[in-house]
Amino acid sequence: MSGEWDAGSYQRVSGPQVEWGRRVVERIPLRGDEDALDAGCGTGRVTRLLAERLPDGTVLAVDASHAMAEEAARRLADLAPRVRVRVADLLALRVDEPVELIVSTATFHWILDHDRLFARMRAALRPGGRLVAQCGGAGNIARTLRAADEVSARPAYAASLAEMPEAWLFADHHATVDRLDRAGFTETRAWLEDAPVHFPDAVAGAEFLATVVLRHHLERLDPERRAPFAREVAELCMLPDGRMEIDYVRLNLEARREE
Ligand SMILES: C[S@@+](CC[C@H](N)C(=O)[O-])C[C@H]1O[C@@H](n2cnc3c(N)ncnc32)[C@H](O)[C@@H]1O
């Protein structure tokens, strides 16, 4: 599966992720001079919110997608060199200088090996440094994925979508605390939070689905079938009041690298 994203489209539709990210960034107690890492920065919208809370600090923004990192570098250029952007896979991340804080939003569930991920995050932190993250958690988008499965079975799509590999890890809070403890973190805390997102109609919902949730489905379909597929999934996610809903569940996690 491709790790590439449509960065222009993500920048346009990522309002829900930015609002979740804003709440995560706002709840972190900060002095304002920390050196931080944004792990999976996308187009940099949450990176900017983090940088605003660190007027005397720095942010290294990292993403595996070239398209996302290029867009982030362009959009964050006014904050350079305090904010830098780098292309890197978090599972292979090596930083020159460990940081005091890692923030990550809407990213960890795209990475299937959380043991390895947490080991890399710990290695990128100074002793005493904190990891604060939010991603999709247990039960995330379950109804939406059932809708995608139903549409995938229709004759126009079935041959292309018969075997979809696992795309996400939606971990629960207990397993996450265990993994963080095993990776050598202390003061670990994790909790789940329902965060349904509503779109005014199926058209808006379908654009979002196509950009984020259904990326891996669409890349297996012929180009002319992509928009109809997203639209048909959106139509199965409509509420009686005419809005479309995606049943998001977020996993929050916090941990500290021991001194
Ligand atoms: C939904 S976006 C979230 C971006 C941003 N944090 C936000 O909240 O808008 C998920 C991002 O995770 C990145 N990503 C996924 N797997 C990754 C990995 N192994 N290493 C680095 N970045 C990764 C993707 O390229 C994508 O930009």
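**Figure 1. Aromatic pairs in the predicted model.** In this predicted model, the count of aromatic pairs comes to 9. One of them joins tryptophan 110 and tryptophan 168, whose ring centres lie 5.7 Å apart and whose planes meet at 65 degrees, so the pair is edge-to-face. Tryptophan 110 is found in the loop between strand S4 (99–105) and helix H5 (114–123), and tryptophan 168 in the loop between helix H7 (158–161) and helix H8 (173–182); the pair therefore ties together parts that are 58 residues apart in sequence. With a relative accessible area of 12%, tryptophan 168 is buried.

**Figure 2. The aromatic pair of tyrosine 157 and phenylalanine 229.** The rings of tyrosine 157 and phenylalanine 229 are 5.0 Å apart, centre to centre, with 75 degrees between their planes, and the pair is edge-to-face. Tyrosine 157 belongs to the loop between helix H6 (142–152) and H7, while phenylalanine 229 belongs to helix H11 (residues 223–236). The pair thus links distant parts of the chain, 72 residues apart. Tyrosine 157 and phenylalanine 229 are both buried.

**Figure 3. A cluster of aromatic rings.** Trp5, Tyr10, Trp110, Trp168 and Phe170 are linked into a cluster by ring pairs. Among its members are the two tryptophans of Figure 1, Trp110 and Trp168.

**Figure 4. The packing of helix H2 against helix H3.** Two packed helices are described by the angle between their axes and the distance between the axes. The axes of H2 (residues 15–26) and H3 (residues 45–52) come within 9 Å and cross at roughly 25 degrees. Angles under 35 degrees count as roughly parallel, and H2 and H3 are therefore roughly parallel to each other. The crossing in which H2 passes H3 is right-handed. On the H2 side, the residues in contact are Gly15, Gln17, Val18, Gly21, Arg22 and Val25; on the H3 side, they are Arg45, Val46, Leu49 and Leu50.

**Figure 5. The cis peptide bond from alanine 80 to proline 81.** Most residues other than glycine have a negative phi, and most peptide bonds are trans. The bond from alanine 80 to proline 81 is cis, with omega near 5 degrees. Proline 81 is placed in the loop between helix H4 (66–75) and strand S3 (83–87).

**Figure 6. Positive phi values at alanine 106 and glutamate 187.** Alanine 106 is a residue other than glycine with a positive phi, near 60 degrees. Alanine 106 lies in the loop between S4 and H5 and is buried, with a relative accessible area of 16%. For glutamate 187, also a residue other than glycine, phi is positive and near 50 degrees. Glutamate 187 forms part of strand S6 (residues 185–194) and is exposed, its relative accessible area being 58%.

**Figure 7. The setting of histidine 216.** Histidine 216 is located in helix H10 (residues 215–218). Its relative accessible area is 7%, and histidine 216 is buried. In sequence, histidine 216 and arginine 256 are 40 residues apart; in space, they are 34 Å apart, C-alpha to C-alpha.

Key: Residues numbered from 1 in each chain as written. Predicted model: local features only at pLDDT ≥ 70, side-chain atom pairs only at ≥ 80, totals over all residues. Heavy atoms only, no water. Axes fitted to C-alpha atoms, helices over the stretch in contact; angles between N-to-C directions. Helix = DSSP H or I, 4+ residues; strand = E, 2+ residues; numbered from the N terminus. Parallel < 35°, antiparallel > 145°, perpendicular 65-115°, else oblique. Left-handed = near helix turned anticlockwise from the far one by under 90°. Contact = heavy atoms within 4.5 Å. Phe/Tyr/Trp six-rings, centres within 6.5 Å; stacked < 30°, edge-to-face > 60°. Buried < 20%, exposed > 50% of the residue type's maximum accessible area, 1.4 Å probe, protein only.
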